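Please open the model in your viewer and keep the selection panel at hand. The stops below say what to select next and what is to be found there.

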Amino acid sequence: MHEKNSSLEGGTAADRHVAVEYSSDDEWACHLLAFVRAGFARDEQVQYFADSTDPGRVTRTLTERGVDAASAVRRGQLVVTTADETYLAGARFDPDAMMGVWHESVDAAAAQGFNGLRAIGEMSWGGRGIVGAERLLEYELRIHHEVFEQAPPRAWCFYDRRLLPRTTLGVLREAHLSRAAAADPGETPVLSAAPLTARPGFRLAGSAGYECRQVVASAAAALAASPAESLTLDLSALDHLDIAALADIVSAARRRPADAPVRLLGAPAAVHRMLQLFPELRAGLEVAEL
Amino acid sequence: MTTHTRQPSAPAPEDACFRHPALFYATEEEYAKGVGGFIRGEASRDQPVLVAVPDERLPVLRDVVGDAHRSVTWVDMRASGRNPGRILSMLQEFADRHADRSAAIVGEPIWVGRTAAEAREATRHEALINLAFAGRSATILCPYDISLPEDVLQEAHRTHPVVGDLDGYRHSPHYADPLTVCRDCDAPLPEPQAPVVLNFGQRNLGGIRDTVRDWGRSVGLSAERHTDWLLAVNEATGNSVRHGGGSGTLRLWRTPDTAVAEVTDRGRITDPLVGRRRPDPLSPGGGRGVWMMHQLCDLVEIRTPPSGLVVRLHVALG
């Protein structure tokens with residue numbers, strides 16, 4: 001198993017939000033079993049949000065592999081449902097609402113007497129054209145600061161390589177600070193976005209051109225929504241950024257509820273040149289060197 | 001020949017507000033009298049004046065005008081107007097900044113030593129001035145050194161409604177419709193020898209950027225110009241995917257002193273003034289990409305053959 005971090009059961013915010021990739025039913029089952037067993041051992045509530053998998057198969061697989069799933073379901077420690085019945089039941093996938101749902105779910109698990117909450121979400125709906133699916137990357141980026149650095153749940157995002165395009169999967173994988181995959185780390189996207197760990201903010205890496213506009217739009221939306229007073233956008237691993245991407249970032253910076261400018265860290269030469277051509281874009285930004 | 005230059009006062013045939021005379025000069029003395037007199041006259045009336053001429057001409061004019069006139073803005077046209085395609089944006093920006101008054105501008109876009117391709121694009125710029133400033137209250141005086149090639153001087157008669165010298169100004173009988181002049185400037189572009197040819201679409205734009213970056217470094221673009229190069233070519237290829245039918249062909253080659261990129265696609269340009277006015281950087285429309293290409297490159301040549309659009313970008317090496 002490929003792991004970016006030393007432990008998928010570690011306690012930092014980065015450890016508790018993991019992208020899990022699999023290519024077979026057996027890989028899926030192994031990840032499922034490890035996650036559920038660790039949760040039961042800690043007396044945590046485990047919620048499973050299925051998408052492509054029949055919910056009954058989740059409990060059957062656990063039972064077949066030695067977990068008393070039926071008892072866990074009866075005492076409310078294991079909840080197996082579907083994304084369609086829960087967070088996709090509305091008109092659209094709404095990351096803004098999801099942040100509140102997470103905090104409410106943590107409180108509910110505590111109220112039921114559990115030591116914590118952990119959840120698996122099958123994310124294959126992200127490739128199905130669901131209304132709001134284009135905001136999935138924004139959600140994955142925001143959740144680190146807005147949920148996992150504020151509250152102690154643990155989430156594994158299940159990405160089935162058989163159901164998502166490789167480029168889509170690559171971008172979503174890179175939005176997680178911890179990743180698990182049986183093999184084949186997958187292709188590196190032209191542009192990736194991820195949350196920062198040392199401070200509130202995000203990092204763009206690679207090269208941002210027209211073909212990457214959805215990634216930039218997602219990062220910009222995450223930036224605009226962030227409640228953090230001081231926010232950094234680390235561009236030090238960015239080779240190139242085009243004017244459309246810079247305009248998206250500036251517009252997002254100006255939409256933020258906080259008054260403080262967004263700190264652009266380590267911006268590549270292209271950004272400095274565009275700010276020479278369009279000095280008015282500096283409003284809302286603070287350009288800083290590494 | 002009189003010893004005193006009259007203010008260019010003859011109205012353009014089609015526009016009573018906008019004046020766009022060409023002043024032909026032979027000597028530095030004539031230049032000082034004709035151009036310097038114009039500047040001094042406008043400045044003494046406290047009109048905003050922009051003087052954009054080759055750097056070696058600036059001291060001549062400063063001597064005539066003196067330092068008393070704070071309303072004069074001096075610009076080295078060799079630098080600011082190196083690419084003729086970006087001059088019009090500068091002129092419009094100046095006029096916009098002084099929209100409450102009648103702007104007076106001296107613009108000398110063609111000097112001895114301009115290449116034929118640069119002179120052609122500068123002639124296009126001169127024609128487009130007439131479209132861009134139509135109806136505006138402004139005067140743009142364009143000095144022409146009569147030692148310039150004859151074809152360049154002939155074009156000046158076609159792009160300026162009024163022409164003159166120290167003897168005075170008169171309507172140009174050769175003045176032509178600006179769009180006709182622009183079409184005549186669409187000379188076929190010379191074929192390069194052994195260019196790198198790359199086909200692109202949305203799926204491989206990232207890889208194309210990597211190639212353009214590496215190629216630009218391999219031919220010796222300085223760090224600063226390499227940034228300009230990559231930004232400009234990226235805007236051109238991105239425009240092809242966005243507006244030019246979703247794909248295009250990129251060719252890269254070098255001349256002894258220039259890196260050249262040419263993007264061909266199935267797009268069309270319907271506005272002859274696209275990219276010649278400073279855009280809102282937050283708006284994807286308004287010719288933002290073409291305007292940037294003009295600012296970043298030393299020469300931009302755009303052709304619209306029946307098959308689509310050809311954009312050729314030149315960036316000096318070194």
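**Where the chains meet**

Select the contact between the two chains, to which chain B contributes 19 residues and chain A 19 residues, two residues being in contact if their C-beta atoms, placed from the backbone, lie within 7 Å. This is a predicted model, in which local features need pLDDT of at least 70 and side-chain atom pairs count only at pLDDT 80 or more, whereas totals for chains, interfaces and linings use all residues. Residues are numbered from 1 along each chain as its sequence is written, while chains are lettered from A and ligands numbered from 1 in the order in which they are written.

On the side of chain B that touches chain A, colour α8 (205–218), α9 (223–243) and α10 (288–296) of chain B, each of which supplies at least two residues; helices (H or I, at least four residues) and strands (E, at least two) are DSSP runs, numbered from the N terminus. The most is given by α9(B), with 9 residues. By class, this side of chain B has 8 nonpolar, 6 polar and 5 charged residues, where Ala, Val, Leu, Ile, Met, Phe, Trp, Tyr, Cys and Pro count as nonpolar, Asp, Glu, Lys and Arg as charged, and the others, Gly among them, as polar.

**The two domains of chain A**

Next, select domain 1 (2–186) and domain 2 (195–288) of chain A, with bounds that come from an automatic or database domain assignment. Their C-alpha centres lie 29 Å apart, and the contact takes 10 residues from domain 1 of chain A and 13 residues from domain 2 of chain A. On the side of domain 1 of chain A that touches domain 2 of chain A, α5(A) gives the most, with 6 residues.

**A helix crossing in chain A**

Now show helix α5 (residues 136–148) and helix α7 (residues 213–225) of chain A, whose axes come within 8 Å and cross at roughly 45°; axes are lines fitted to C-alpha atoms, for helices over the stretch in contact, and angles run from 0 to 180 degrees between N-to-C directions. α5(A) and α7(A) are therefore oblique to each other, given that angles under 35 degrees count as roughly parallel, over 145 as roughly antiparallel, 65 to 115 as roughly perpendicular and the rest as oblique. The crossing of α5(A) and α7(A) is right-handed, that is, the near helix is turned clockwise from the far one by less than a right angle. Show side chains for A:L137, A:E138, A:L141 and A:R142 of α5(A), which make the contact with residues of α7(A) including A:V215 and A:A219.

**The sheet of chain B**

Which order do the strands follow in the open sheet of 5 strands in chain B? Traced across the sheet, the order is β9-β10-β11-β13-β12 (chain B), with antiparallel pairing; two strands pair if DSSP finds at least two bridges between them. The edge strands, β9 (196–201) and β12 (299–303) of chain B, each pair on one side only. Zoom in on β10 (residues 247–254) and β11 (residues 258–265) of chain B, which pair in the antiparallel sense over 6 bridges, with B:V263 in β11(B) as the bridge partner of B:L250.
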